[in-house]
Amino acid sequence: MGTDKSKFQNLKNILIRKKIELLNKVNNINKGLMDTNIGDEIDTATNNAERERYFKMIENDKLMLETINTAFDKLNKNIYGRCESCHNTIPMERLQAIPWTRYCIACQIQSEKSHQ
Ligand SMILES: [Zn+2]
């Protein structure tokens, strides 16, 4: 279906921009991590706290990158826009709000409930 591709072109562009943004951010965090290695001995405690903060940030960004890669994968396989859980079509408004979403609203709420 050729129409599907153009339908999602906008969302694909958003995903590409988001991915570049995240890759830059992870790069900067990595640089920051290296900087904290050069600090004074006295600052070790501060550095450790700082490093922990960086690691946490990287962890979240890497998860996000993974989710975005999954979205690209689904675009390539022509299954983008479908919920991974119930396989229903995810409404366009939801995709426009969160182009990397993997689930429809109902399944998202369900999964958040089961994770808590
Ligand atoms: Zn669903």
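The model is predicted, so local features are reported where pLDDT is at least 70, side-chain atom pairs count only at pLDDT 80 or more, and totals for chains, interfaces and linings use all residues. Residues are numbered from 1 along each chain as its sequence is written, and side-chain values use heavy atoms, with hydrogens and water left out.

## Overall build

The protein holds five helices and zero strands, and from the N terminus on its elements follow the order α-α-α-α-α. Helices (H or I, at least four residues) and strands (E, at least two) are taken as DSSP runs and numbered from the N terminus. Of the 116 residues in the protein, 28% are buried, where buried means under 20% relative accessible area, exposed means over 50%, and partly exposed lies in between, with a 1.4 Å probe and protein chains only. Among contacts (heavy atoms within 4.5 Å) between residues at least 6 apart in sequence, 53% join residues at least 24 apart.

## The nonpolar core

A nonpolar core is here a set of buried Ala, Val, Leu, Ile, Met, Phe, Trp, Tyr and Cys residues joined through side-chain atoms within 4.5 Å. The largest such core has 17 residues, and those with the most contacts inside it are Phe8, Leu15, Ile68, Leu75, Tyr80 and Leu95. Helix 2 (9–37) and helix 3 are the elements that give two or more residues to this core, and helix 3 gives the most, with five residues. At least three residues of this core come from each of domain 1 (2–80) and domain 2 (83–116), the domain bounds being those of an automatic or database domain assignment. Phe8 itself, leaving aside its neighbours within four places in sequence, is in contact with Leu75, Tyr80, Met92 and Leu95.

## The largest pocket

Rolling a probe the size of a water molecule over the atoms shows where empty space is left. On a 1 Å grid over the protein atoms alone, a cavity is a set of points where a 1.4 Å probe fits but cannot get out, whereas a pocket is an open set with protein on both sides within 12 Å along at least five of seven lines, and lining residues have an atom within 4 Å of a point. Grid points are joined across faces, edges and corners, and a volume is the space filled by probe spheres set on the points.

By these criteria the largest pocket has a volume of about 280 Å³. Its lining consists of Asn60, Leu63, Met64, Thr67, Trp100, Thr101, Arg102, Tyr103, Gln108, Ser111, Glu112 and His115, which divide into four nonpolar, six polar and two charged residues. In this count Ala, Val, Leu, Ile, Met, Phe, Trp, Tyr, Cys and Pro are nonpolar, Asp, Glu, Lys and Arg are charged, and the others, Gly among them, are polar. Helix 3 (44–76) and helix 5 (105–115) each supply at least two residues of the lining. The largest pocket lies between domain 1 (2–80) and domain 2 (83–116), because both give residues to its lining.

Thr67, one of the lining residues, lies in helix 3 and counts as buried because its relative accessible area is 18%. Not counting residues up to four places away in sequence, Thr67 touches Trp100 and Arg102.

With residues up to four places away in sequence left out, Ile58 touches Val26, Ile29, Asn30 and Leu33.

| Pair | Separation in sequence | C-alpha to C-alpha |
|---|---|---|
| Ile58 and Leu22 | 36 residues | 9.5 Å |
| Ile14 and Gln96 | 82 residues | 9.1 Å |
| Met34 and Arg51 | 17 residues | 9.3 Å |

## Positive phi in a loop

Asn78 has a phi near 60°, a positive value in a residue other than glycine, and its place is in the loop between helix 3 and helix 4 (92–97). With a relative accessible area of 47%, Asn78 is partly exposed. His87 also lies in the loop between helix 3 and helix 4; its phi is near 65°, again positive in a residue other than glycine, and at 57% relative accessibility His87 counts as exposed.
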